[in-house]
Amino acid sequence: MKIAVIGGGITGLSAAWELQKRGIEYTLLEASDRWGGKVISSKLELKNGAHFLVEGGPDTLITRKPEAWDLAAELGLLDQVTDPGSETSGTYVLDQGSLHPIPVSPSRFFSTPLLTLRGKLRMLAEPFQPARRDDEDESLANFVRRRLGQEALDKFIGPVLGGIYNTDPETQSIMVSSPIMREMEKDGGGLFMGALLRAFRAPKKKTGRPRFVSFKNGLQTLTDELSRQLTGDLRLNSRVEKITRAGSGFNIFITDGTTIHADGIILTTLANQTSGMIQEISPAAVQKLEAIRHQNIGTLSLVYLDSDIPSEPVISGLMIPRREKRMIDAVTFTTRKMPERSTAGYSVVRIFIGGGAPEMVDFSAPQLIEAVQKELAGLFGITAVPQTWTSFRWQNGFPQAEVGHLKRVDEIEKLLPRSLALAGSSFRGIAVPDCIRQGREAAAKLSETDAFG
Ligand SMILES: Cc1cc2nc3c(=O)[nH]c(=O)nc-3n(C[C@H](O)[C@H](O)[C@H](O)COP(=O)(O)OP(=O)(O)OC[C@H]3O[C@@H](n4cnc5c(N)ncnc54)[C@H](O)[C@@H]3O)c2cc1C
């Protein structure tokens, strides 16, 4: 039995890893000239030798979902894991042009001007709201509105969740992005009681794992090590054009003119890339794949002298709701979170683009830096020219899991042969641990002989 894995991002690499562990022959096909997909760590250097480690895509991994940690352990990478600190410490939200700290502590909650007294009381009344116990999907916005009120949604929970998922909370599926919140409501009747119940039932064991992790030399450590330890047939610069059925298996046509035969396929490309490859397998599945929306996304990392960055307020991140109509979506002061990634005396600022102003991913370099500098001047008073900068951009590269998404994915899978599996960020979760899980599960599924029945 031979399996072809298409796409060499974290999902494809994880699928190949699982196949290898199960002793199954595989070919891994990646269109570009590098492994890792959106996992990309890069080094910037100035003429004076100052150097910086920046991430183009993901920069931290949540450990509540254990798949990335477990994979790092299997690969022998735990000695390289670092703790980047909690996601919300020092995080601000932009509201009507002003910066406000996200009220995460009780004292911040009571003193914040971000919420009115009425809005705060509504949030405190969360335990008394009627609970929904079915398994039907709803939008993130609807859930927050029901449990915590419109103000909490508008003023900080919406911007934070919208920022994390680079999406509009009004359309985002809660069952994909935060199923744990619905589980807490189902178990405990609400978020507050659900959290208490969880703490009571499973008192926090000391796992020795920070809540979020990264790697000393960047997240690409994980994908680099995976590709290094994979011993199968690995092919870069191999863009798959189309797949056709051939007997009980498949023929895979690569743009360089070669054709590969495989008994099973794991497609780890985005839904909007996958749809083009399987036109001859299932036009009905293609139609449903094309209905999954993808948004533009990109990041810029800009290096400044410390003295160019105002010292107050001490911000580690800023979430920008779409209603603020800015050209950028979020800002991370990377050096404040991970000072070890930068030569002393410099600050690295990372900007997220593509949500509020999708056209930014198509800007020329001078247009892009000009637009970003204008925003940084307006938001933080940073007027200096960066010492150096770099950008990473993905057109239609960020899947949007809208309400009903999981049902649609189930339907797509039913339309495809069982020996052709889908995995990756367009399907059952976008975070890196979700992608690892999906890649490995697809490999496990195909390794069962009845997938070929
Ligand atoms: C800016 C940004 C920040 C993020 N931050 C985080 C974070 O902090 N934490 C977190 O957990 N997640 C984060 N994510 C999400 C996470 O990084 C991605 O969902 C995940 O890396 C996707 O991996 P993948 O392998 O499924 O897809 P991709 O990385 O997109 O890989 C797909 C691969 O398929 C290849 N390909 C495409 N077409 C073909 C073809 N025809 N033939 C062969 N190969 C093809 C592509 O070249 C690519 O290498 C972030 C994402 C972005 C963009």
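In this predicted model, Arg440 and Glu74 form a salt bridge in which the closest N and O atoms are 3.0 Å apart, a salt bridge being a side-chain nitrogen of Lys or Arg within 4 Å of a carboxyl oxygen of Asp or Glu. The pair joins distant parts of the chain, since Arg440 lies in helix H16 (residues 432–447) and Glu74 in helix H2 (residues 67–74), 366 residues apart; helices are DSSP runs of H or I with at least four residues, strands are runs of E with at least two, and both are numbered from the N terminus. Arg440 is buried at a relative accessible area of 15%, whereas Glu74, at 32%, is partly exposed (buried means under 20% relative accessible area, exposed over 50% and partly exposed in between, with a 1.4 Å probe and protein chains only). The structure holds 34 salt bridges. Within H16, Glu441 forms another with Arg437, the closest N and O atoms being 3.8 Å apart, and these two residues are separated by about one helical turn because they are four residues apart in the helix.

As a predicted model, the structure is described by local features with pLDDT of at least 70 and by side-chain atom pairs at pLDDT 80 or more, while totals for chains, interfaces and linings use all residues. Residues are numbered from 1 along each chain as its sequence is written, and side-chain values use heavy atoms, with hydrogens and water left out.

Helix H5 (residues 140–148) packs with helix H8 (residues 179–188) at an angle of about 35°, their axes being 11 Å apart; axes are lines fitted to C-alpha atoms, for helices over the stretch in contact, and angles run from 0 to 180 degrees between N-to-C directions. The contact (heavy atoms within 4.5 Å) is made by Leu140, Phe143, Arg146 and Arg147 of H5 together with Met181, Arg182 and Glu185 of H8. Glu185 and Arg182 also meet in a salt bridge of 3.9 Å, N to O, and both residues are buried.

Strand S1 (residues 2–6) is joined to strand S2 (residues 25–29) by five bridges, and Ala4 stands opposite Thr27 in S2.

Notes:
Pairing = 2+ DSSP bridges.
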